[in-house]
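Biologist: Could you take a close look at one chain for me, from its overall build down to single residues? I'd be glad of one connected walk-through.

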Amino acid sequence: MANIALRVNGQSRTVDVDPATPLLYVLRNDLDLKGPRFGCGLGQCGACTVIIKGEAVRSCVRPVSTVQGAEITTLEGLSQNGKRHPLQQAWIDEQVPACGFCQNGQIMSAKAMLDKNPTPTDAQIRQSMATTLCRCMTYYRIQAAIKRAAKAIASARRGSNSEVIA
Amino acid sequence: MTTRRDFLKASGYLVVGIGAAGLVSEMPLVAQGGGAGPYPDVDFKQLDSWIVIKADNTATFFVGKTDLGQGTGTAFRQIMSDELDMPYERTSCVMGSTDVSVDQGGSGGSDALQTDGYPMRRVAAEARRVLLEMASNRFSVPVTALTVSEGVISVTADPSKKVTYGELVGGKKFNVALTGNNINATTGVAKLKDVQQLKATGQSMPRYDVPAKVDGSLTWAVDVKVPGMVHARNVRPPMAGAKLVSVDESSVRGMPGFVKVVTKGNYVAVVCEREEQAINAARQLKVNWDKPAAAPFPTSENLFTYMRGAAPTSSAPPAVVGNPDAAFKSAAKVIEADYDVPYQGHVSIGPAHALADPSNGQMTIYSNDMKSYGLRDGVAEFLQLPRDRVRVVWMEGPQAYGRTAADDAGFEAAFLAKEIGRPVRVQWMRNEETAWDTKGPAFAVKLRGALDAQGNLVAFDYDARVADYNHLGYNEHDTVLISQLMGTRPAMPARGSGATPNEMYAIANRRMTSSVVSLPLIWETPLRTGNLRDPNGPQSTFASESFIDELAAAANADPVEFRLRLLTAATDDDSGFKRARSIACIKAAADAFKWEARPSAKRVGSGEILTGRGIAYTYRSQTVVAQIAEVEVNRRTGHVWVKRMVCAHDCGLVINPEALRRTLEGGMLHSVSRTLHEEVQFDTEKVTSVDWASYPTMRHTDTPESIEIVIVNGDPNPKRPDLPHYGAGETVCKPTLAAIANAIFDATGVRLRRVPFRDARVLAALKTAKV
């Protein structure tokens, strides 16, 4: 066991765990976060996805010792100032989830993608999301929600730009 | 979390979730007691068991169903608020926890609305009737002089005299007895409203469970923590049928957090303080196993040869219409074909899990079991506890459409909690779940069809062999995996079931037979069959609706026209009701697709991508569905993309159209996955498809470009007041496999008769046919 200092959703946290522990178990069991979930423990399905340094990271295969000090964002950290992230709102507007268990991975992977490429083509969305799995097969609605969120983000950006210009 | 007693006491009814950023969102209510037990059954013959009205004029419905993500909870609120005459927004719903909700059996069989919706509607109507009587007494006017709207009753002649439901009964009990020999028959004396009077019904209310599922605020069954809990991981036999010889506890005793190794029979689990410790210890534990003397099963490559050669364990008597033998003899053309569907897994996105808490001498299990009541009963028998000392708190979880009907992890957690005397959380690992979960049975079907000189189908012969012997029951204490591993054997293995296609076409001479076959090993095997989303329908419909397409091609007929001809022909073995709705669905799908009538296959193109379209149709119970798939087949790689799907669906009265559309999309794509990717693979010792790489499923890249759902109301008399709401979760899964196979045939002229249509198999078939 060792003390490990983490930055999670803007807060500093210290945990006393085996440094080899996958980040997922620390987030869930020590920090009581419920967004990232165990799906495979193999980095194959994406249910455990968090964002670190702008990258979608599979927390089930990332030793906690390797992310010390890095800013970790989980699903819980997406909302800003009491407002849902446009992706979360789009997920509600499209009524995406069925059981919903995988949707943490879908939303977090989509966030990492849109942060890098705010105007993805359909093909880019499909490719970028290809290894994030859903067993209820909500893919069709996920893709629609990503496009909806991309539009909302772009329009919010235009809105703030025009304010600056004005 | 709140108890029934809290519900009655508390002033505000709605449990709201405060998200990470202080967002207020409605979320699924979970019943959890501080109550120390015991937990007697909730009496379904008491109105108070179903509906609680608070002083603030809100209502909470307690129903014994579970919502697997199709929005049934939202639909229950819609139909019950309508009957109660309470605005939808002022209602909430508590589902599936055995100590607070009546036992409606949890979920299964797509019957949530078709069957269970009726007692829900009737009790809500009864509550409305009782409230009207209370108001009648209060205002000393007859009920007929009262008007009720949105939870407020007023005197029709003097609307200033009014009272809310909450003022009449809020915080108090109705104390009204209901009648009915069983829970499905539960009723008061009030009559149901006519369909035309329903307000929330038919509207696309957003599902109340969605916001908390996308902001991280929902507490799922995987998230529950209780003081003193420990974590367990199972250690499975490395080959099916292996016997435990010895466990070397010293191999893990010194590991951090180690609590205990628990063994009984061939069941082995390791318990540690922390989750990652249990995972590590389970991996490190040295266990000696004895290999079984005989191979437990053939390889997956040899499965169908084995099935065709095995002596059936049972055969259903053939269903015969007309004189098939004579018709085949005198036919102008006879064609034959074999169709194969392998074992396919439930393969939940989240492995089996449960937390069992033995505090207070009770056993509380936090579970996502779709049949929570059965889990309660099964665990009580398994651990020989009084039934009222076991309760299951139902919570949301990953769903796999039948997997949790036998909730292995719930039994394991309860067993370990009893052994250790501490709360135990069990979660399966991925390789364990994918290898050892329940499987949809494999089918090997032989078909023959006869055409007369005019191309009419005059005889049809379907003969299925289904590897379904010892089909797993619902949460039975003597058949769940842990029980089998401990050596328990029920007196008789379950017979299993074959399946024949629906008798949907008017074919004058027909024989349909099915037999069940057994694998050599039937106990303690990872090839144990269970109910996978319409347990036999996708397999039998793949065979029959592909073969109908073969017959249409042999008759040089358009596949839609050929089917309609079989539906309009007169016979006395089908109800006109369903046939009229079938015709309506097929026509609606063809219209939406802009189907161009011509025989399949079309002339094979010259480019790398070949395109085609195929139709398939079927029904289940009273729900009718027709689907058309448009595919692109890559001639160089064998890759199939289902580019477009059209689905025409008639399930009678629709409660929530948008939730229905999502359910149909997901169900159809689930079957796209089964068509293109899914196959359980095994050698003669063990399942070898153990993760998402070796058991591939559909991905984002496979998603159709377009999905169109046409909600058909083919009821011959849609204005009738008793228009029923039929089930919708499973019918949609049935025709997809054949629709895709038929589209591939249309594109390439190659008939694929064995799923899944992975690239290599398709490419090999194209090469053989020189396409």
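Modeller: Happy to! Chain B has 18 helices and 29 strands, where helices (H or I, at least four residues) and strands (E, at least two) are DSSP runs numbered from the N terminus. A word on what you are viewing: this is a predicted model, in which local features need pLDDT of at least 70, side-chain atom pairs count only at pLDDT 80 or more, and totals for chains, interfaces and linings use all residues. Residues are numbered from 1 along each chain as its sequence is written, while chains are lettered from A and ligands numbered from 1 in the order in which they are written.

Let's begin with the overall build. The radius of gyration of chain B is 28 Å, which agrees with the value near 28 Å for a compact globule of 771 residues; this radius is taken over C-alpha atoms, and the globule rule is 2.2 Å times the number of residues to the power 0.38. Along the principal axes, the C-alpha atoms of chain B fill a box of roughly 80 × 80 × 50 Å.

Now to the packing. Of the 771 residues in chain B, 58% are buried. A residue is buried if 20 or more other C-beta atoms lie within 10 Å of its own, exposed if 12 or fewer, and partly exposed in between, with C-beta atoms placed from the backbone. Among contacts in chain B with a separation of 6 or more, 80% join residues 24 or more positions apart; two residues are in contact if their C-beta atoms, placed from the backbone, lie within 7 Å.

The largest nonpolar core has 270 residues, and V270(B), A413(B), A589(B) and I744(B) have the most contacts inside it. Such a core is a set of buried Ala, Val, Leu, Ile, Met, Phe, Trp, Tyr and Cys residues joined through C-beta atoms within 7 Å. Leaving out residues up to four places away in sequence, V270(B) touches A232(B), R233(B), V235(B), V252(B), V261(B), A278(B), A281(B), A282(B) and L285(B).

A59(B) counts as buried because it has 26 C-beta neighbours inside 10 Å. Again not counting residues up to four places away in sequence, A59(B) touches I51(B), I53(B), L84(B), M86(B), R90(B) and T91(B). If you then look for L527(B), 468 residues from A59(B) along the chain, the C-alpha atoms of the two are separated by 46 Å.
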